[in-house]
Amino acid sequence: MKKVWYYLKPVKNERNNSVMLFNPDATKSDIYIREDMIRLALENGQCIAYNKETQRAYRKDMSEFVNQYDYVDPVKEAAKTEKVEADPVVAFIHNEAVGLRPTELVMSDLKWKYLVRSAMRSKNIMMTGAAGCGKTMAAKMLVKALNRPHFYFNLGATQDPRGTLIGNTHFEKETGTTFHESVFVKAIQTEDAVILLDEISRAHPEAWNILMTVLDQGQRYLRLDEHPNAPTIEVAKGVTFVATANIGNEYTATRAMDRALVDRFIVIEMETLNKDQESNLLKTLHPNLALEACEQIAEIAEMTRKDVKSEDPKLSTAISTRLCVELAGLMEDGFSLEEGAEVAIFPFYDEDGGVDSERTFMKQFVQKYVAGENADIFNTDNDNDQ
């Protein structure tokens with residue numbers, strides 16, 4: 001098409017009120033097109049396509065010009081800029097948010113901006129992803145970046161959901177029966193607060209039931225008792241809830257979450273770091289550790305993740321970023337790779353099965369890696385050929 005068609009855009013010359021053609025290539029100046037055709041194209045938002053072979057011109061939809069030259073309409077761009085500048089939240093999200101992301105948080109610009117925007121718009125946010133990938137860290141970094149009041153509740157650890165989220169009733173001889181509100185009640189009444197609901201996928205179903213009305217954008221309240229006259233606590237303006245969840249078959253202590261509860265959140269999935277990202281993160285967190293050691297840890301972790309996703313995995317779980325950070329900390333404190341793996345990595349692998357156990361397999365791999373052998377015992381692609 002480019003050999004045949006030559007696209008031009010009609011534009012109005014404000015100085016002398018004339019109509020002319022915008023030539024993106026500036027390679028052909030001897031094109032003659034009738035002025036009335038140019039004017040009609042301008043009035044109808046069209047471009048002009050000039051056939052180089054037949055030397056004939058045709059009015060075409062402007063999308064053909066845009067597709068040909070990736071043209072950006074200055075009027076529309078100016079309107080976008082005005083809109084961004086008119087809304088301080090939008091301006092902050094697109095102009096400042098990325099600069100507030102800490103270097104130790106490895107997260108794409110898009111997802112970080114989505115996280116910041118959702119918090120500033122008082123959305124309920126659910127952070128998902130593999131264990132140890134940085135979900136809780138991302139939530140805490142969000143609080144730090146926005147400099148807002150914050151509250152932390154580990155729902156996976158509580159054995160008394162009603163006491164944690166609502167409060168407890170106490171009886172004393174002198175004062176009789178009294179009700180003591182929970183910290184959560186105070187939290188939801190704090191304007192612009194960020195409330196972290198950690199391990200929500202491990203929470204007791206009663207906690208989910210209590211949170212239903214709190215998280216519903218159409219309700220946003222907490223009833224302190226089932227009695228008709230019981231006080232109702234409204235969620236304050238600007239409050240955002242950030243939950244973390246482990247979803248999948250490998251998380252045996254998690255519960256299948258109620259769909260009605262999940263639908264009350266927007267979901268941001270934290271991605272597992274690749275080898276280079278993990279190595280750079282370890283170096284950032286442990287600057288005194290040699291880069292080669294960081295790369296070793298990252299490569300071992302990457303190999304376990306590849307194995308877990310293979311058709312015939314030898315391991316049931318992969319090394320998480322959290323474990324990589326712990327191992328790097330041990331090595332920075334003078335432990336060798338073998339010693340660090342012995343205390344921080346191997347306990348996560350089953351030793352049942354003797355020489356065929358997961359733990360033995362991991363030990364063999366670490367030993368081969370430390371010895372500098374190139375053999376990749378995780379790679380079974382060539383087993384059938386040998």
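## How to read the model

Residues are numbered from 1 along each chain as its sequence is written. Because this is a predicted model, local features need pLDDT of at least 70, side-chain atom pairs count only at pLDDT 80 or more, and totals for chains, interfaces and linings use all residues, while side-chain values use heavy atoms, with hydrogens and water left out.

## The big picture

The protein has 15 helices and 13 strands; these are DSSP runs numbered from the N terminus, with helices being H or I over at least four residues and strands being E over at least two. Of its 386 residues, 42% are buried. Here, buried means under 20% relative accessible area, exposed means over 50%, and partly exposed is in between, using a 1.4 Å probe and protein chains only.

## Where to be careful

Mean pLDDT, the predictor's confidence in each residue from 0 to 100, is 80 for the protein, and 77% of the residues reach 70 or more. Where pLDDT is low, the predicted coordinates should not be read in detail.

Strand β3 covers residues 46–51, and six of the six are buried, so the strand is largely enclosed by the rest of the structure. Q46, I48 and Y50 sit on one side, with C47, A49 and N51 on the other.

β3 pairs with strand β4 (residues 56–61) in the antiparallel sense over six bridges; two strands count as paired if DSSP finds at least two bridges between them. A49 stands opposite Y58 of β4. Four residues lie between the two strands of this hairpin, and Q55 takes a positive phi near 60 degrees.

## Strand β9 and its two partners

Strand β9 (residues 194–198) is mostly covered too, with five of its five residues buried. V194, L196 and D198 point one way, and I195 and L197 point the other.

This strand has parallel partners. Strand β6 (residues 150–154) pairs with β9 over five bridges in the parallel sense, and F153 stands opposite L197. β12 also runs parallel to β9, joined to it by four bridges, with I195 opposite F241.

## T244, a buried residue in β12

T244 belongs to strand β12 (residues 240–245). It counts as buried because its relative accessibility is 2%. A polar atom of its side chain lies 2.9 Å from the backbone nitrogen of E199.

Setting aside residues up to four places away in sequence, T244 touches M127, K135, T136, L196, L197, D198, E199, I200 and S201.

## Helix α5 and what covers it

Helix α5 takes in residues 109–120. Its 12 residues should span 16 Å at 1.5 Å a residue, which agrees with the 16 Å between its end C-alpha atoms; the expected span is 1.5 Å times one less than the number of residues. The buried residues of α5 are W112, L115, V116, S118 and A119. Seen down the axis, they fall within an arc of 165 degrees, so they line one face of the helix; the arc is that of the directions from the helix axis to the C-beta atoms.

Covering those residues are elements including α4 (88–95), β5 (124–128), α6 (135–146), β12 and β13 (266–269). Just after α5, S122 takes a positive phi of about 60 degrees.

## V267 in β13

V267 is found in strand β13. With 43% relative accessibility, V267 counts as partly exposed. Neighbours within four places aside, V267 is in contact with Y114, M126 and T128.

## Helix α15

In helix α15 (residues 358–370), the 13 residues should span 18 Å, and the end C-alpha atoms are 18 Å apart, which agrees. E358, R359, F361, M362, F365, V366 and Y369 are buried. They cover an arc of only 160 degrees around the axis, which puts them on the same side of α15. These buried residues pack against α12 (291–308) and α14 (337–344).

Methods: A polar contact is a pair of N or O atoms within 3.5 Å; within protein, one must be able to donate a hydrogen and the other to accept it, and residues adjacent in sequence count only if both atoms are side-chain atoms. Contact means heavy atoms within 4.5 Å.
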